[in-house]
Amino acid sequence: IDELGKVSGFRFSDDYELAFPNVSTAEKALSKIESILSDFELELNSRKTFIKKLPSSLEDSWVRDLKLFEFRDNAEKNDIISYFSHSFDYANENPESSVLKYALSRLKNTKIRRDSWPLLQSLILECISSEPGTLPRVLDILSDFANKGYPIMLDDLRGILNSQIYDHAPLGHESEVAWSLWGSILFRITLDENSSKLISKMDDSVVALLALDANERGLFESPLDKSKWSDYMEEKCLYGPNWLLSYEANIKKWILPNERDHVNGESRFGYLKRNRVQFYDTNKCDISSCI
């Protein structure tokens, strides 16, 4: 923000903390940030936005405690139960903080006993229902363990992914739906008829491409209704907000052109197509041999 000069700060997960020399400057910055976001029809989370005068604690107590929690080599069930008991308690006490995201981030390289994996997996999956934003990290952890030969509770994961779509697709929460689709593709999990119907109504290129990919792989119990997205198979849509869908669905032949090939008929995107340029790579997901 040029008007405020150099601003110091850092990002923690989805939160930002900025530092200013005094309260009045902080208030001015907050007002400016709100104004900029409103231009994009966005707004700050009022429950998580505040100005705090220093000195104050450098980190929340829950961060400190979870950071210092020690897992034994090849963590046992008692370690896992204790860690998640603390994590869930802190998450309930701090509903506006990304407690479970942080808790899960510590598990990426943790070594556990194989007989402890079913318990850990159940608790990891429970995090999604409590805090939907943990889904990307859960999928990352599951894929990491799957690549090490640990079995995945596919039926449980299937229920959670479908449930996430039921809850978030009607609200237009593209991120949650997109990650649910990615989980379906990653673990070759089928999505039910209701999920198919809800996704077909969404107007987001990333969601649409992931859904079309899943559909091509036979991961929907009921085929997608592509009629909404077919409307973007026109040359003018290559320069609109859904240009990615208009281009990628064409070059991958997931949606046939309405009349003529609108990508071939447009000089710039036609050039990309002739040179086999793609933005969505269907080959970046290969974990099936591990599950």
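1. A crossing of two helices is called left-handed if the near helix is turned anticlockwise from the far one by less than a right angle, and right-handed if clockwise. By that rule, helix α8 passes helix α10 in a left-handed crossing. The contact (heavy atoms within 4.5 Å) is made by E174, V177, A178, L181, W182 and I185 of α8 and by V206, V207, L210, A211, D213 and A214 of α10.

2. A word on what you are looking at: this is a predicted model, in which local features need pLDDT of at least 70 and side-chain atom pairs count only at pLDDT 80 or more, while totals for chains, interfaces and linings use all residues. Residues are numbered from 1 along each chain as its sequence is written, and side-chain values use heavy atoms, with hydrogens and water left out.

3. Back to the first pair. Helix α8 spans residues 174-187 and helix α10 residues 205-216; they pack at an angle of about 20°, with their axes 9 Å apart. Axes here are lines fitted to C-alpha atoms, for helices over the stretch in contact, and angles run from 0 to 180 degrees between N-to-C directions. Angles under 35 degrees count as roughly parallel, over 145 as roughly antiparallel, 65 to 115 as roughly perpendicular and the rest as oblique. So α8 and α10 are roughly parallel to each other.

4. Now try a second pair: helix α7 (residues 154-168) and helix α9 (residues 193-200). Their axes come within 9 Å and cross at roughly 40°, so these two helices are oblique to each other. This crossing is left-handed. Here N162, I165 and Y166 in α7 meet N194, S195, L198 and I199 in α9. By class, that contact has 4 nonpolar, 3 polar and no charged residues; Ala, Val, Leu, Ile, Met, Phe, Trp, Tyr, Cys and Pro count as nonpolar, Asp, Glu, Lys and Arg as charged, and the others, Gly among them, as polar.

5. How many disulfides does the structure hold? The count is 0, where a disulfide is a pair of cysteine sulfur atoms within 2.5 Å. As for individual cysteines, C127 is buried, with a relative accessible area of 1%, and C237 counts as buried at 13%. Buried means under 20% relative accessible area, exposed over 50%, and partly exposed in between (1.4 Å probe, protein chains only).

6. Finally, the overall picture. The protein has 13 helices and 2 strands, and 40% of its 291 residues count as buried. Helices (H or I, at least four residues) and strands (E, at least two) are DSSP runs, numbered from the N terminus.
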